[in-house]
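Hi there,

Here is the structure I promised to pass on.

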Amino acid sequence: MADANLNPGWRHDSFTGWGRVLRGEMDAARPERIADLAKALQAVDRRGVIVHAGGRSYGDAALNSGGQAILTSRFDRLLDFDPASGLLVAEAGVTFDDLRRLFLPRGFLAPVTPGTAFATLGGAVAHDVHGKNQDRAGNFGRHLAWLDLMLPSGEIRRLMPDDPLFRATVAGLGLTGVVIAVALKMMAVPSRFVALHERRVRNLDEFLDALEEVRRTAAYSVGWIDALAQGSSLGRGIVESADPAPPVEGEHYREARARRVAFDFPAIALNPLSISLFNAQHWRGVPARGRERRVPYDRFLYPLDAIKGWNRLYGRRGFHQFQCLLPEANSRKALRSILETCVGSRAASFLGVLKTMGQQGTGLLSFGGRGHTLALDFPARPGVGDLLVRLERMVLDHGGCIYAAKDSRMSAEGFAAMYPNLPQFRAILAEIDPGQRMMSDLARRLAIREAP
Amino acid sequence: MSERPLWLILGASSSVARAFARLVAEQGGDLILAGRDIRDIERIAADARIRGAARADVRAFDAIDRASHEAFVAELPRRPFNVLLAFGMMAPQSEIDRDPALAQQIIAVNYLGAVSVLARLAPRMTEEGRGAIVVLSSVAGDRGRPSNYVYGSAKAGLNAYLQGLRATYAAKGVSITTVKPGFMDTSMTYGMGGMFLVASPDSCARACLRFAAKGRDVAYFPAFWRLIMAIIKAIPERIFKRLRL
């Protein structure tokens, strides 16, 4: 009974971003009812509070060291679903995995989904996430009919897409308050499968040409890039494109069994040699002439989810993730110099992704626009910090931007230069949260709340 | 008469009740969700419907308001049903020491409230000819401890009441299960220190459904708590009183 919870309990705990490089000690509350959420927000002291939900942002977006956190895992209820329109209303702690399990059998899928199904809808709002269909479908926020936000004051407001606060909350890094519910326009799909086409590309030019072709022909497209290949093989990889597959009579879908990484790998396991060997083998795994397959949506959209806790492969020290968007006009040149820099440093790992983006996001701080986006993992080692500083410089020089959800190293100056709407965002925060109740390590690092 | 099972859940917004409602919903059952926080329970009902419950109705129910229990039971639909009693109230002993009135409130909810509603539900269920009652009690009722004895005494009273109720209704088609959970990861216990081997509400909800199907009498959850409590009960009082448990 609620009486037992006059003050919802706070638990002191240690948290990390998904990359496990950045850590924070926080006092966390885990309310189960909206009324208790309001009480938790009232109990925030001067170090502020941030929502920590799926824990899948890589850096410090969901950390608030020495402060407080609100865990939204128990806000996982579905509130309304209309099969005629596909409109789903759900609480913010619902994950894409919940949606996949419940709605794929009914012929519906989230119109935009990040690369892991363990992210929550609230997190998808906070980062205005994108997926392998960004080129056509844009980011997550575009598919919302509305969202319910609990402001830092505890007031609940329903935000329509034309509301300035909606545009601040989408990609707002959790700083405008706590998302309570979203109304998401689900997408009808003909089956649980995609028709997947894979082809090898031998170098960066071939890669970009292939991406250019599939962005016009396919709903989904993504490329895996071997970030250690050099010389004439620089930028080699595999380009995947996919479209919803028609149903096949009698086809049986079986839930894949997830495997788990039960311990931290020793740091030596992923070294430049083992990774190059893995990459070379992976590249040759696709026949030179390419191949076509029917693959369940889940395996195509969330390949890494098949290995629970894959972040432990990088050992105890963890890894940095880096994702940038380079505007189309400069991207060929920019990608070449960024890849050369990474190859030269021998720091990159096997999870390199290169794909196209085609749409602006709806949020003031959305990561989107027309161009190429490159994502790389760097195991935490001496020297990686310097590399990330150089990469930030290069992205800035080419007029690009870095994705905050994955970042652990960007500078405040760099962030301000990449996101020109920052002053507007700041002004809205100053208005709705003058006491700076919402706060995160990322907000402090990037000086998001302070006007210069 | 409907073939689908109907579950009445009292205290529907508690952590275990929420997980339980979800299980019943996924199996296509019917639900009546009762409790005080109607707005919250509406959300639980909506969730249950989307996940497969054929019906999920919401009713106001307050364990402390015993005068309302008669009408509450009278208004239940005329068909066989099962009951999960999941309401409860706990407060730290230190708070009770400051405010003795809190002790009476804990007894009013956990003991008097439960007795009041069960005394009306059990005869009604015999009229329908069958049914299962699952009551979430606690290991705290097995022995009074300095850290939690008001709550424990209310649960001890409840356990004895359930023993008598069980024997009374055994021949009349209604099974009564006393579930004694150990440490559970609920909103009631979140942030409390000194807990170990904490079980999830979901696993407890699954166990409750199993206990009901088997018509179990008394069940510890997780089962190893039977052993832990056997040891705790075996300690002589003159030693036990010196332990700070």
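Predicted model: local features only at pLDDT ≥ 70, side-chain atom pairs only at ≥ 80, totals over all residues.

The phi angle of Arg20(A) is near 60°, a positive value in a residue other than glycine. Is Arg20(A) buried, exposed or partly exposed? Arg20(A) is partly exposed, because 18 other C-beta atoms lie within 10 Å, and a residue needs 20 or more to count as buried.

Ala447(A) is another non-glycine residue with a positive phi, here near 50°. You will find Ala447(A) in the segment that follows helix H13 (441-445) of chain A. Ala447(A) counts as partly exposed because there are 16 C-beta neighbours inside 10 Å.

Next, the sheet in chain A. Eight strands form an open sheet with antiparallel pairing, in the order E16-E12-E14-E13-E19-E20-E18-E21. At its edges are strand E16 (291-296) and strand E21 (401-402) of chain A, each of which pairs on one side only. Within the sheet, strand E12 (residues 193-201) and strand E14 (residues 237-244) of chain A run antiparallel and are joined by eight bridges.

Helix H10 (residues 384-397) of chain A lies across E18, E20 and E21 of chain A, and runs at about 10° to E18(A).

Over in chain B, helix H7 (residues 201-214) has 14 residues and reaches 20 Å from its first C-alpha to its last, close to the 20 Å expected at 1.5 Å a residue. The buried residues of H7(B) include Cys204(B), Cys208(B), Leu209(B) and Phe211(B). Which elements do the buried residues of H7(B) pack against? They pack against helix H1 (15-26), strand E4 (82-85), strand E5 (131-136), strand E6 (174-181) and E7 of chain B. After H7(B) comes Gly215(B), with a positive phi near 65°.

One last item concerns Pro222(B), in the loop between strand E7 (218-221) and helix H8 (225-234) of chain B. The peptide bond from Phe221(B) to Pro222(B) is cis, with omega near -15°.

Best wishes

Methods:
Residues numbered from 1 in each chain as written. Chains lettered and ligands numbered in written order. Helix = DSSP H or I, 4+ residues; strand = E, 2+ residues; numbered from the N terminus. Buried ≥ 20, exposed ≤ 12 C-beta atoms within 10 Å, placed from the backbone. Pairing = 2+ DSSP bridges. Contact = placed C-beta atoms within 7 Å. Axes fitted to C-alpha atoms, helices over the stretch in contact; angles between N-to-C directions. Expected span 1.5 Å × (residues − 1).
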